[in-house]
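Dear colleague,

I am passing on the structure below, together with notes on what turned up in it. Please read the notes with the sequence and the coordinates open beside them.

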Amino acid sequence: MTPLFISVLLAAMCLECRAQKDNVLQAKGEETAAAGGTVTLHCLYNTSSTAPSLFWYKQDGNNSPKFILSRVSGDDGNTAAEFKERFSSTLDSSIRSVPLKIQKLQLSDSAVYYCALQPTVTGNTKTLYKNLWSKDNRILHNIH
């Protein structure tokens, strides 16, 4: 079996966060697993929101991040069609955790995975949008 290298960005995303109280933490920077196996990517969060929305994104190569799933409580939320079969997550508000489980690993799963927190202060729980800019103010990515 060929080992897969699934990377998790250490500095996860927290868009529209309030006063540094809202954040996510992906403690382990890299996971390695065999093709056909299962891996769980961990994400802890802190928020002052009583109804947080947590998101997972996948970014491979130079492509823009792709939406995998969102969770608002427990298993409730949305999962993109292309990820429904092998990707899952459960939001556990008691320990402020939203791990991403990937089953039947494939070489194409090697990527950077982002955990993101979107506080409900924005009133927009359906989409995530942010432009990432380079130092010379050229747009690098649109994240939707």
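**The disulfide and its surroundings**

Both C43 and C115 are buried, where buried stands for under 20% relative accessible area, exposed for over 50%, and partly exposed for what lies in between (1.4 Å probe, protein chains only). Before going further, please note that this is a predicted model, in which local features need pLDDT of at least 70 and side-chain atom pairs count only at pLDDT 80 or more, while totals for chains, interfaces and linings use all residues. Residues are numbered from 1 along each chain as its sequence is written, and side-chain values use heavy atoms, with hydrogens and water left out.

The two cysteines are joined in a disulfide with an S to S distance of 1.9 Å, the term being applied to a pair of cysteine sulfur atoms within 2.5 Å; by this rule the count is one disulfide. C43 sits in the loop between strand 5 (39-41) and strand 6 (44-46) and C115 in strand 11 (residues 112-118), so the bond ties together parts that are 72 residues apart in sequence. Strands here are DSSP runs (E, at least two residues) and helices likewise (H or I, at least four), numbered from the N terminus. The torsion about the S-S bond of C43 and C115 is about -70°, and the disulfide is therefore left-handed.

Three strands make up an open sheet in the order 5-10-9, with antiparallel pairing; two strands are taken to pair if DSSP finds at least two bridges between them. Strand 5 and strand 9 (87-89) are the edge strands, each pairing on one side only. On average, neighbouring strands of this sheet are turned by 25° against each other, direction ignored; the axes are lines fitted to C-alpha atoms, for helices over the stretch in contact, and angles run from 0 to 180 degrees between N-to-C directions. Strand 5 is joined to strand 10 (residues 100-102) by three bridges, and L41 has L100 in strand 10 as its bridge partner.

**The loops on either side of strand 10**

In the loop between strand 9 and strand 10 lies R96, whose phi is near 55°, a positive value in a residue other than glycine; R96 is partly exposed at 35% relative accessibility. The loop between strand 10 and strand 11 holds K104, again a residue other than glycine with a positive phi, near 50°, and K104 is exposed with a relative accessible area of 53%.

D109 also has its place in the loop between strand 10 and strand 11, but D109 is buried, at 1% relative accessibility. The side chain of D109 reaches the backbone nitrogen of Q106 at 2.8 Å. D109 and Q59 are 50 residues apart in sequence, while their C-alpha atoms are 9.7 Å apart in space.

**Aromatic pairs**

The structure holds four aromatic pairs, where rings of Phe, Tyr and Trp (its six-membered ring) pair if their centres lie within 6.5 Å, and planes under 30 degrees apart count as stacked, over 60 as edge-to-face and the rest as tilted. One of them is formed by F55 and Y57, whose ring centres are 6.4 Å apart with the planes at 25°, so this pair is stacked; both residues are buried. Another is the edge-to-face pair of F83 and F87, at 4.9 Å centre to centre and 75° between the planes. F83 is buried, with a relative accessible area of 4%, and F87 is buried at 4% relative accessibility. Ring pairs also link F55, Y57 and F67 into a cluster.

Technical notes:
A polar contact is a pair of N or O atoms within 3.5 Å; within protein, one must be able to donate a hydrogen and the other to accept it, and residues adjacent in sequence count only if both atoms are side-chain atoms.
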